[in-house]
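User: I am new to this structure and would like a short tour. Could we look at it together?

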Amino acid sequence: MSRLPVILSKRVLAPSSSENLLDMAPLQKRMRKEQEPHKPQAATTIVGYKRPAAAAARAPPYRPIRGAGAATVAAGPSRGFVKPVAASTAPKAGSSKQPAGAKPGVTGATRRKPWDLKGKVNDMEGKIRNYQTKYRSVNEENEALKDYVAQNQTKVSELEQEVEGQKRKIGEYEAQLQMLSGVQNQLEETRREKNVLQKELSNLEQKYKVMETLRDSQETELQTLKMKLSVQESTMTRLQANLRDREEEISSLKETVAEQRDELHAGEMERRRLHNTIQELKGNIRVFCRVRPLEDGGLSKHIQLAASDNKSIMLAKTEESHTGKTAEMQKNYHFSFDRVFGPLASQQEIFDEISLLVQSALDGYNVCCFAYGQTGSGKTYTMEGEEVDDMRGVIPRAVQQIFRAGEKLSSQGWEFTFTASFVEIYNETLRDLLYSGKASKRPEHEIRKTASNDVTVTNLTYQKVSTEDEVLGLIALAKENRSTAQTALNDRSSRSHSVFQLQIEGVNAGRDIKCKSTLCLVDLAGSERMVKSQSQGERFKEMTSINSSLSNLGIVITSLANKESHVPYRNSKLTYLLQNCLGGNSKTLMFVNISPELNSFGETLNSLRFASKVNDCVIGTASSNKK
């Protein structure tokens with residue numbers, strides 16, 4: 001039994017020239033379909049000469065074999081190349097005989113007799129020849145299709161290259177189009193600018209016409225001005241002659257001004273001399289007494305002030321008779337000072353009395369002013385006051401006067417520089433009230449004397465100041481840093497002595513004169529008794545230190561009043577720091593502040609006695625620090 005494969009192939013019809021043009025669009029689609037592999041069909045089995053009897057009995061009637069010239073049409077594209085196929089060889093005439101008994105005109109397969117093996121072989125050979133012919137025809141068609149596919153692939157590559165070229169051209173055209181769109185925008189912008197320029201040109205033409213009109217009028221005016229100029233030239237000649245006369249007068253006036261400046265300087269020097277003489281006549285150590293008003297106003301009965309005498313004060317106290325003859329007796333204590341201020345005296349009135357003393361600081365003299373008295377007697381209010389203008393104390397008012405007077409003297413050629421410092425003495429320890437660093441890194445301070453016998457403090461902040469507000473800011477900072485505490489006598493008692501110093505250096509370059517001085521303003525801590533202040537612990541230690549330093553201050557004042565050869569300034573930091581103010585080249589003023597309450601009679605009496613000692617003290621005449 002032999003197996004012959006049946007080969008199916010797609011047959012393509014030959015395209016005409018017009019059809020080739022129509023097939024170019026779906027070319028790639030057809031190529032993909034043509035390149036798909038053919039699936040082989042199952043081989044046809046041709047049975048040999050033996051056939052089962054039952055199959056033979058059921059064999060269909062004979063069908064004529066398909067002519068060799070017939071071609072199989074492929075299920076491919078409708079249009080394609082068709083190669084003519086040669087007609088297949090016709091079967092031999094004698095190979096297929098019509099069997100006997102067949103109806104004429106009826107075409108059908110002739111069933112051969114079982115014994116007709118030769119006829120069957122002939123039939124099979126005819127079929128084989130027929131298949132071979134078809135096979136050759138299909139191979140030829142296949143070769144033709146391969147050639148057609150190769151041609152189409154070549155055309156596809158050419159078309160792809162052409163498409164790429166077209167794409168590049170399209171890109172170039174798009175770039176040119178974009179550039180042309182930019183050129184079009186520029187053209188539009190140019191057109192707009194052209195319109196604007198045309199409008200401007202039109203405006204300029206109108207302005208030009210106006211300017212021509214103005215030019216004509218200006219030419220007319222020019223002619224008029226030329227005439228006036230000739231008149232002015234003659235006037236100028238006359239004025240030049242007058243100018244020369246004025247210059248001569250100015251020269252003479254300058255000489256007069258120079259002479260007047262010399263006279264003014266001489267007058268200023270004479271003023272300073274007379275001012276210093278007046279201050280010396282008043283005493284280089286002066287004492288003012290100030291009585292604090294009661295909380296409800298007025299004055300206590302035990303303090304008496306003369307209406308016509310502002311320099312005396314009397315304390316009156318009723319005591320029991322020691323002899324028993326009378327039930328009570330009144331004891332009076334009289335004191336006299338340079339000035340006594342009652343409870344109604346204002347801050348401005350207080351400062352007016354010391355303003356001349358403050359002026360001496362600008363004249364080159366050292367000036368010191370300090371407040372003394374028991375705690376709660378108004379020392380801090382007298383020296384510092386409050387922020388309200390009418391309530392400001394001695395320190396801010398003195399600073400204001402110094403800077404204003406310095407500005408006035410600048411017109412006479414004086415230039416001043418100021419340096420401020422603020423130190424407190426707390427428990428016999430110096431503390432910088434202008435220190436703004438960490439408390440753990442606070443430096444230690446010592447009092448030293450320089451080669452020029454000036455007293456200075458090591459590691460102390462000396463701040464250069466140029467305005468009144470800068471000094472007031474430093475005073476506010478020092479006020480916050482100062483040690484205060486509450487006691488039975490005062491809700492905000494100062495627990496230290498504060499010393500404000502303003503160093504003044506003046507230079508008059510035109511006169512080659514220099515002066516240097518120091519304004520020292522001191523607020524002493526209040527003296528107190530343990531029984532009344534009820535101080536305990538740290539407050540008791542502070543009270544002991546305060547009373548000790550004030551006692552040493554009294555000892556120094558007594559030594560100066562007695563003109564002793566040795567004055568114990570070094571017994572306390574306070575007297576050592578104020579050494580030049582108490583016994584050196586300085587003008588000194590002391591405020592003694594007293595409380596009006598009757599239960600403070602003892603402290604008031606002690607304060608007035610101490611002030612009397614200071615008032616009786618005579619120190620050397622202060623001299624100006626000029627070079």
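User: Where is S498 placed?
Analyst: S498 lies in strand 16, residues 497–508. Helices (H or I, at least four residues) and strands (E, at least two) are DSSP runs, numbered from the N terminus. This is a predicted model, in which local features need pLDDT of at least 70, side-chain atom pairs count only at pLDDT 80 or more, and totals for chains, interfaces and linings use all residues. Residues are numbered from 1 along each chain as its sequence is written, and side-chain values use heavy atoms, with hydrogens and water left out.

User: Is S498 buried or exposed?
Analyst: S498 counts as buried because its relative accessibility is 3%. Buried means under 20% relative accessible area, exposed over 50%, and partly exposed in between (1.4 Å probe, protein chains only).

User: And what is S498 in contact with?
Analyst: Leaving aside neighbours within four places in sequence, S498 contacts F422, V423, E424, L433, R482, L521, V522 and D523. Contact means heavy atoms within 4.5 Å.

User: Now S595: where is that one?
Analyst: S595 is in the loop between strand 18 (587–594) and helix 13 (601–616). With a relative accessible area of 2%, S595 is buried.

User: How far apart are S595 and V291?
Analyst: They are 304 residues apart in sequence, and 6.3 Å apart in space, C-alpha to C-alpha. Beyond four places in sequence, the contacts of S595 include R292, I303, Q374 and G376.

User: Switching to helices, at what angle do helix 7 and helix 8 pack?
Analyst: Helix 7 (residues 394–410) and helix 8 (residues 468–481) pack at about 160 degrees, and their axes are 10 Å apart. Axes are lines fitted to C-alpha atoms, for helices over the stretch in contact, and angles run from 0 to 180 degrees between N-to-C directions.

User: Which residues make the contact?
Analyst: Helix 7 contributes I395, P396, V399, Q400 and F403, while helix 8 contributes E468, V471, L472 and I475.

User: How confident is the model?
Analyst: The protein chain averages a pLDDT of 77, and 72% of the residues score at least 70. The term pLDDT is the predictor's confidence in each residue, from 0 to 100.

User: Where does pLDDT stay under 50?
Analyst: One such stretch is residues 1–29, for which the model has 55 contacts beyond four places in sequence. Another is residues 34–108, with 94 such contacts.

User: Finally, how many helices and strands are there?
Analyst: The protein chain has 13 helices and 18 strands. Of its 627 residues, 35% count as buried.
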